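Thanks for coming. I will go through one structure today, and I will keep it short.

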Amino acid sequence: MPALPMPSPPPGCPMHDPEAVQAPPPIKSGCPVDHEQLKKQKQAEQGQQQQQQPQGACPVVHDKAELNKLNMMPSLNQERQPDQQVDLPTERVISSIPKTNDTSSKWEYPSPQQFYNALRRKGWETPEEEIETMVDIHNFLNEEAWNEVIKWENKFDCECQEDPYLTRFQGRPRDITPKARWHSWFGAPLPFDRHDWYVKRCNQERRYVIDYYEAPEETPGVPVFHLDVRPALDDFQTIKARFMDGCKAKWDEWFSASSSQ
């Protein structure tokens, strides 16, 4: 999903206390500043500032230990927002995407309430009545992305005949892929989102890059999306598969065009 963009010094110096003018301390050798007293006062002021800072004010998770290592996102709760007006479902839909080599274990999509909480955490203002539709679109796009992954996996040899499964994923909306950047130089729109999926099969993990595009509407009011799903060029086997697939696509394009003439 698209990512929208997301304290003060102490009020006075303790060395300039007006009472100190009325009763100046005697001159001693060394530094005239009472550093111990100054340290205590700074600690007191810092503690007061921390108490005044609202809890959860920053939507960014600064501690990576708080992130879920499987999706690089903080754990989402099902709690209703204090100013929320619409009741959102908390039921989660089970996807068709396996998360282990045991095909009975599937990934679960976030509930509408979790989805809304995630948007609020990132600072995105979204009408509450549209959340359920957004969740449906989100789930549909991920199912289509997995179908494209399966098509690619069928092009790779696997001696153990194990079914591929999604071990982890990461959203990277701000990181434009080289392919998307290249096409944008010739006038193509940039994707509104990017995911990196890590798919495992036969003890080999393969990274897939997914660019999400919004396409022109064919029917007014009905959104259209385009997914560019391909394995990342991380090894020779993948480079070869991408090259062969590109050659086949050009071959089919040229011969289908010539046969129609």
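This is a predicted model: local features need pLDDT of at least 70, side-chain atom pairs count only at pLDDT 80 or more; totals for chains, interfaces and linings use all residues.

**A surface patch, a hairpin and a helix**

I start at the surface: W182, W185 and F186 make up a nonpolar patch there, and together they have about 460 Å² of accessible area. One of the three, W182, sits in helix α5, residues 178-184.

Now the chain as a whole. The protein chain contains six helices and eight strands. Along the sequence their order is α-α-β-β-β-β-α-α-β-α-β-β-β-α. Of the 261 residues in the protein chain, 27% are buried. The protein chain exposes about 18500 Å², and 54% of that comes from carbon and sulfur atoms.

Next, strand β6, residues 193-201. How many of the nine residues of β6 are buried? Eight are, so by the under 20% cut-off the strand is mostly covered. Strand β6 has partners on both counts I want to show. With strand β5, residues 165-171, β6 runs antiparallel, and six bridges join the two. In that pairing, Y165 is opposite K200 of β6. With strand β7, residues 204-215, β6 also runs antiparallel, and here nine bridges join them. An example from this second pairing is D193, which stands opposite Y212 in β7.

The strands β6 and β7 form a hairpin with two residues between them. What is the phi of C202 in that hairpin? The value is positive, near 55 degrees, and C202 is a residue other than glycine. C202 lies in the loop between β6 and β7, and N203 is found in that loop too. N203 likewise has a positive phi, near 60 degrees, and is not glycine. As for cover, C202 is partly exposed because its relative accessibility is 24%, while N203 is exposed, with a relative accessible area of 74%.

Last, helix α4, residues 131-153. The buried residues of α4 include I131, V135, H138, N139, L141 and N142. Further along α4, A145, W146, V149, W152 and E153 are buried as well. A general point goes with that list: an α-helix has 3.6 residues a turn, so residues three or four places apart point the same way.

Conventions:
Residues are numbered from 1 along each chain as its sequence is written. Side-chain values use heavy atoms; hydrogens and water are left out. Patches are made of residues with over 30% relative accessible area and no salt bridge: like charges are joined within 9 Å, nonpolar side chains (Val, Leu, Ile, Met, Phe, Trp, Tyr) within 5 Å. Accessible areas come from the Shrake-Rupley method with a 1.4 Å probe; for residues, only the protein chains shown count as cover. A salt bridge is a side-chain nitrogen of Lys or Arg within 4 Å of a carboxyl oxygen of Asp or Glu. Helices (H or I, at least four residues) and strands (E, at least two) are DSSP runs, numbered from the N terminus. Buried means under 20% relative accessible area, exposed over 50%, partly exposed in between (1.4 Å probe, protein chains only). Two strands pair if DSSP finds at least two bridges between them.
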